[in-house]
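User: Please take me through this protein chain by question and answer, going from the overall fold to individual residues.

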Amino acid sequence: MEPAAAIKKEPPVTRALSDYLQIWGFESDTMIFGDGSYGFGLELRPLDAGCWSTARMNEFSANVRQFLNGVPENVDLQFVQDIAAGNAQFLDTHRSYSNACRNSTISELTKRRVERLASLDSQGSLPRHSLKLIVRRNPTSILLEKPKFFSRAANFQKVSDDRFALELAATERLRSDLLSSLAQLGVHSEHLSADDIATLL
(Lines give C-alpha, C1' and ligand atoms only; values in the text may rest on other atoms or scores of the structure.)
Protein backbone atom coordinates (compact mmCIF):
# COMPACT_ATOMS: atom_id res chain seq x y z
CA MET A 1 0.00 0.00 0.00
CA GLU A 2 1.28 3.49 -0.94
CA PRO A 3 2.08 5.90 1.87
CA ALA A 4 -0.40 8.74 2.21
CA ALA A 5 2.25 11.35 1.37
CA ALA A 6 2.86 9.75 -2.04
CA ILE A 7 -0.78 9.80 -3.12
CA LYS A 8 -1.40 12.64 -5.55
CA LYS A 9 -4.80 14.24 -5.65
CA GLU A 10 -5.88 15.08 -9.18
CA PRO A 11 -7.97 18.24 -9.69
CA PRO A 12 -11.63 17.50 -10.29
CA VAL A 13 -12.51 17.06 -13.95
CA THR A 14 -15.21 19.45 -15.07
CA ARG A 15 -17.27 19.34 -18.24
CA ALA A 16 -18.76 22.83 -17.85
CA LEU A 17 -17.70 25.16 -20.66
CA SER A 18 -17.95 28.16 -18.34
CA ASP A 19 -15.01 26.79 -16.31
CA TYR A 20 -12.75 27.12 -19.35
CA LEU A 21 -13.84 30.58 -20.53
CA GLN A 22 -11.89 33.55 -19.22
CA ILE A 23 -14.43 36.14 -20.35
CA TRP A 24 -16.47 37.56 -17.50
CA GLY A 25 -18.79 39.77 -19.56
CA PHE A 26 -19.22 42.53 -22.13
CA GLU A 27 -19.51 46.30 -22.03
CA SER A 28 -20.06 48.26 -25.27
CA ASP A 29 -18.74 45.37 -27.41
CA THR A 30 -15.64 45.19 -25.20
CA MET A 31 -14.75 41.86 -23.62
CA ILE A 32 -13.98 41.99 -19.91
CA PHE A 33 -11.84 39.17 -18.59
CA GLY A 34 -11.82 37.77 -15.09
CA ASP A 35 -8.24 38.96 -14.47
CA GLY A 36 -9.12 42.62 -15.17
CA SER A 37 -7.90 42.78 -18.77
CA TYR A 38 -9.97 44.01 -21.70
CA GLY A 39 -10.34 42.91 -25.29
CA PHE A 40 -12.28 43.03 -28.51
CA GLY A 41 -12.59 41.14 -31.78
CA LEU A 42 -12.16 42.22 -35.40
CA GLU A 43 -13.35 40.47 -38.54
CA LEU A 44 -10.70 40.69 -41.27
CA ARG A 45 -11.27 40.09 -44.96
CA PRO A 46 -8.50 37.70 -46.05
CA LEU A 47 -6.28 38.79 -48.94
CA ASP A 48 -5.54 36.51 -51.86
CA ALA A 49 -1.87 37.03 -52.64
CA GLY A 50 -1.68 34.18 -55.17
CA CYS A 51 -1.29 36.50 -58.17
CA TRP A 52 0.86 39.16 -56.50
CA SER A 53 4.28 40.00 -57.84
CA THR A 54 7.32 39.33 -55.69
CA ALA A 55 7.82 43.07 -55.19
CA ARG A 56 4.26 43.55 -53.97
CA MET A 57 4.52 40.58 -51.57
CA ASN A 58 7.79 41.92 -50.15
CA GLU A 59 6.27 45.37 -49.68
CA PHE A 60 3.23 43.91 -47.94
CA SER A 61 5.44 41.76 -45.68
CA ALA A 62 7.44 44.83 -44.68
CA ASN A 63 4.23 46.75 -43.93
CA VAL A 64 2.86 43.89 -41.82
CA ARG A 65 6.13 43.76 -39.87
CA GLN A 66 5.89 47.50 -39.26
CA PHE A 67 2.27 47.11 -38.15
CA LEU A 68 3.14 44.36 -35.66
CA ASN A 69 6.12 46.29 -34.30
CA GLY A 70 3.82 49.27 -33.73
CA VAL A 71 1.43 47.34 -31.47
CA PRO A 72 1.65 48.80 -27.95
CA GLU A 73 3.22 46.85 -25.10
CA ASN A 74 0.99 44.61 -22.98
CA VAL A 75 -1.31 43.97 -25.96
CA ASP A 76 -1.78 40.41 -27.19
CA LEU A 77 -2.96 39.62 -30.73
CA GLN A 78 -4.47 36.28 -31.69
CA PHE A 79 -5.32 35.51 -35.31
CA VAL A 80 -8.05 32.92 -35.74
CA GLN A 81 -8.69 31.37 -39.15
CA ASP A 82 -11.85 29.39 -39.77
CA ILE A 83 -12.22 27.22 -42.86
CA ALA A 84 -15.73 25.86 -43.33
CA ALA A 85 -18.63 25.56 -45.74
CA GLY A 86 -21.05 28.43 -46.13
CA ASN A 87 -20.99 29.90 -49.62
CA ALA A 88 -24.76 29.80 -50.16
CA GLN A 89 -25.06 33.59 -50.16
CA PHE A 90 -22.47 33.97 -52.94
CA LEU A 91 -24.05 31.17 -54.97
CA ASP A 92 -27.50 32.75 -54.64
CA THR A 93 -26.10 36.06 -55.87
CA HIS A 94 -24.47 34.31 -58.83
CA ARG A 95 -27.73 32.50 -59.61
CA SER A 96 -29.69 35.76 -59.52
CA TYR A 97 -27.54 37.20 -62.32
CA SER A 98 -28.85 34.57 -64.73
CA ASN A 99 -32.52 35.24 -63.95
CA ALA A 100 -32.53 38.42 -66.03
CA CYS A 101 -30.58 36.82 -68.88
CA ARG A 102 -32.60 36.27 -72.07
CA ASN A 103 -30.12 33.81 -73.53
CA SER A 104 -31.35 30.33 -72.57
CA THR A 105 -27.90 28.76 -73.09
CA ILE A 106 -26.20 31.16 -70.68
CA SER A 107 -29.05 30.78 -68.18
CA GLU A 108 -28.86 26.98 -68.26
CA LEU A 109 -25.06 27.03 -68.03
CA THR A 110 -25.20 29.27 -64.96
CA LYS A 111 -27.85 27.05 -63.36
CA ARG A 112 -25.72 23.92 -63.84
CA ARG A 113 -22.61 25.70 -62.56
CA VAL A 114 -24.41 26.85 -59.40
CA GLU A 115 -25.79 23.34 -58.81
CA ARG A 116 -22.29 21.83 -59.10
CA LEU A 117 -20.75 24.44 -56.80
CA ALA A 118 -23.61 24.05 -54.28
CA SER A 119 -22.97 20.30 -54.21
CA LEU A 120 -19.26 20.88 -53.57
CA ASP A 121 -20.12 23.41 -50.85
CA SER A 122 -22.44 20.97 -49.05
CA GLN A 123 -19.64 18.36 -49.05
CA GLY A 124 -17.14 20.83 -47.60
CA SER A 125 -15.08 20.85 -50.81
CA LEU A 126 -15.63 24.55 -51.45
CA PRO A 127 -14.19 26.08 -48.29
CA ARG A 128 -14.96 29.60 -47.16
CA HIS A 129 -12.11 31.31 -45.32
CA SER A 130 -12.71 33.75 -42.50
CA LEU A 131 -10.08 35.51 -40.42
CA LYS A 132 -10.61 37.08 -37.02
CA LEU A 133 -8.27 39.08 -34.85
CA ILE A 134 -8.77 38.86 -31.09
CA VAL A 135 -7.07 41.67 -29.18
CA ARG A 136 -6.46 41.65 -25.42
CA ARG A 137 -4.83 44.42 -23.42
CA ASN A 138 -3.79 44.74 -19.82
CA PRO A 139 -5.21 47.71 -17.89
CA THR A 140 -3.16 50.92 -17.96
CA SER A 141 -3.11 50.97 -14.16
CA ILE A 142 -3.16 48.20 -11.61
CA LEU A 143 -6.86 47.68 -11.02
CA LEU A 144 -6.67 44.45 -9.11
CA GLU A 145 -4.92 43.86 -5.82
CA LYS A 146 -2.08 41.40 -5.86
CA PRO A 147 -2.84 38.19 -3.98
CA LYS A 148 -1.23 37.81 -0.60
CA PHE A 149 1.35 35.11 -0.02
CA PHE A 150 -0.22 31.61 -0.03
CA SER A 151 -3.54 32.96 -1.31
CA ARG A 152 -5.21 32.68 -4.69
CA ALA A 153 -5.92 35.67 -6.91
CA ALA A 154 -9.52 36.75 -6.56
CA ASN A 155 -11.35 37.41 -9.79
CA PHE A 156 -14.03 40.07 -10.24
CA GLN A 157 -12.64 42.50 -7.67
CA LYS A 158 -14.39 45.84 -7.30
CA VAL A 159 -13.22 48.63 -9.60
CA SER A 160 -14.38 52.24 -9.41
CA ASP A 161 -16.69 53.50 -12.17
CA ASP A 162 -14.21 56.24 -13.16
CA ARG A 163 -11.29 53.88 -13.59
CA PHE A 164 -13.50 51.43 -15.42
CA ALA A 165 -14.64 54.16 -17.85
CA LEU A 166 -11.00 55.14 -18.47
CA GLU A 167 -10.06 51.56 -19.31
CA LEU A 168 -13.02 51.21 -21.69
CA ALA A 169 -12.04 54.47 -23.42
CA ALA A 170 -8.43 53.26 -23.77
CA THR A 171 -9.66 49.99 -25.26
CA GLU A 172 -11.88 51.82 -27.76
CA ARG A 173 -8.93 54.03 -28.78
CA LEU A 174 -6.81 50.93 -29.35
CA ARG A 175 -9.57 49.40 -31.49
CA SER A 176 -9.84 52.58 -33.56
CA ASP A 177 -6.05 52.74 -34.02
CA LEU A 178 -5.86 49.10 -35.14
CA LEU A 179 -8.75 49.53 -37.59
CA SER A 180 -6.95 52.54 -39.08
CA SER A 181 -3.62 50.70 -39.28
CA LEU A 182 -5.22 47.69 -40.95
CA ALA A 183 -6.91 49.98 -43.49
CA GLN A 184 -3.49 51.43 -44.35
CA LEU A 185 -2.32 47.86 -45.00
CA GLY A 186 -5.20 47.41 -47.43
CA VAL A 187 -6.96 44.94 -45.11
CA HIS A 188 -10.69 45.54 -44.77
CA SER A 189 -11.76 45.01 -41.16
CA GLU A 190 -14.73 45.67 -38.91
CA HIS A 191 -15.24 45.16 -35.21
CA LEU A 192 -17.21 42.21 -33.89
CA SER A 193 -20.18 43.00 -31.69
CA ALA A 194 -20.75 41.38 -28.32
CA ASP A 195 -23.43 39.21 -29.93
CA ASP A 196 -20.99 38.04 -32.60
CA ILE A 197 -18.37 37.09 -30.00
CA ALA A 198 -20.96 35.37 -27.79
CA THR A 199 -22.06 33.32 -30.82
CA LEU A 200 -18.44 32.32 -31.48
CA LEU A 201 -18.01 31.29 -27.84
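This is a predicted model: local features need pLDDT of at least 70, side-chain atom pairs count only at pLDDT 80 or more; totals for chains, interfaces and linings use all residues.

User: What share of the contacts with a separation of 6 or more comes from residues 24 or more positions apart?

Analyst: The count takes contacts in the protein chain whose partners have a separation of 6 or more, and asks how many of them join residues 24 or more positions apart. For this protein chain, that share is 76%.

User: What percentage of the residues in the protein chain is buried?

Analyst: A residue counts as buried when its relative accessible area is under 20%. Of the 201 residues in the protein chain, the buried ones make up 22%.

User: Which element gives the most residues to the largest nonpolar core?

Analyst: The largest nonpolar core has 13 residues, and those with the most contacts inside it are Leu42, Val135, Leu178 and Leu182. Two or more residues of this core come from each of β3 (38-44), β5 (128-137) and α4 (161-185). The element that gives the most, with 4 residues, is α4.

User: Which residues does Leu178 touch, leaving out those up to four places away in sequence?

Analyst: Leu178 is among the residues with the most contacts inside the largest nonpolar core. Once residues up to four places away in sequence are set aside, Leu178 touches Phe40, Leu42, Phe67, Leu77 and Val135.

User: Is Asn87 buried or exposed, and which backbone oxygen does the side chain of Asn87 reach?

Analyst: Asn87 lies in the loop between β4 (75-84) and α2 (88-99). Because its relative accessible area is 11%, Asn87 is buried. Beyond its neighbours within four places in sequence, Asn87 is in contact with Asp121, Leu126, Pro127 and Arg128. The side chain of Asn87 reaches, at 2.7 Å, the backbone oxygen of Leu126.

How values were computed:
Residues are numbered from 1 along each chain as its sequence is written. Side-chain values use heavy atoms; hydrogens and water are left out. Buried means under 20% relative accessible area, exposed over 50%, partly exposed in between (1.4 Å probe, protein chains only). Contact means heavy atoms within 4.5 Å. A nonpolar core is a set of buried Ala, Val, Leu, Ile, Met, Phe, Trp, Tyr and Cys residues joined through side-chain atoms within 4.5 Å. A polar contact is a pair of N or O atoms within 3.5 Å; within protein, one must be able to donate a hydrogen and the other to accept it, and residues adjacent in sequence count only if both atoms are side-chain atoms.
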